[in-house]
Amino acid sequence: MTLSRPMNNALRIRPITSPVMAIATLFCLMPLCDHASAWSRVGAIEVTDHAGKPCFGLPKKERKRIGETPQVFGVEVYDAITPPLRQQWSFEFAYPASLPLPPGACVLYGVVPANAVGVQTSMPLQPGRLYDVSMSATRTGATHFYSARFCLKATADGSLRAIQVHYDKALGWSASVCQP
């Protein structure tokens, strides 16, 4: 007859009680934190007007920092005023497909690029309302996210003009620049 002992495979976690070991552990983990922050960077989108429709690109400062042509994986636009936030338009690419965004180029609202999948068909944008746009793009393997807020302004001749909205310390995120 053989005796068997129950196996105890539970993971045992012991607190670090030595200050030297705690500091050594922190120093060992710091490079991982730096690497993770590079993967989660959020940058700015430049919103421009193209015949009354917003177009989403990257500012010169951001392009200079990147140093190469980013590849866009998807864009999402949300209504930023009415909770719950409603998606107004979005598309994405199935991996590994993407859209190169060379200098001066932008993604026009409502136009789904070739080989992309439209997730939400474009809804009409209303003048005077605040919208959020986010874009996922990559450079050298790390995905970066870019975002901005914008609105449409009705002009005197009845046409619309897309305007980027910047945060104001006194007003916060206000679409007041887009009111008639």
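Rings of Phe, Tyr and Trp (its six-membered ring) count as a pair when their centres lie within 6.5 Å; planes under 30 degrees apart are stacked, over 60 edge-to-face, and the rest tilted. By that rule the structure holds six aromatic pairs. One of them is Phe 91 with Phe 93, an edge-to-face pair at 5.9 Å centre to centre and 90 degrees between the planes. Phe 91 and Phe 93 are both buried, meaning under 20% relative accessible area with a 1.4 Å probe, protein chains only. Ring pairs also tie Trp 89, Phe 91, Phe 93 and Tyr 109 into a cluster.

A word on the source: this is a predicted model, where local features need pLDDT of at least 70, side-chain atom pairs count only at pLDDT 80 or more, and totals for chains, interfaces and linings use all residues. Numbering runs from 1 along each chain as its sequence is written, and side-chain values use heavy atoms, with hydrogens and water left out.

Now the open sheet: three strands, ordered S2-S3-S7, with antiparallel pairing. Strands are DSSP runs (E, at least two residues) numbered from the N terminus, and two of them pair if DSSP finds at least two bridges between them. S2 and S7 stand at the edges with a single partner strand each, so one side of each has no neighbour in the sheet.

| Strand | Residues |
|---|---|
| S2 | 46-50 |
| S3 | 53-57 |
| S7 | 107-108 |

Two bridges join S3 to S7, and Phe 56 stands opposite Val 107 in S7. Phe 56 also touches Val 75, Trp 89 and Val 133, among others (contact is heavy atoms within 4.5 Å).

Conventions:
Helix = DSSP H or I, 4+ residues; strand = E, 2+ residues; numbered from the N terminus. Buried < 20%, exposed > 50% of the residue type's maximum accessible area, 1.4 Å probe, protein only. Lists of a residue's contacts leave out its neighbours within four places in sequence.
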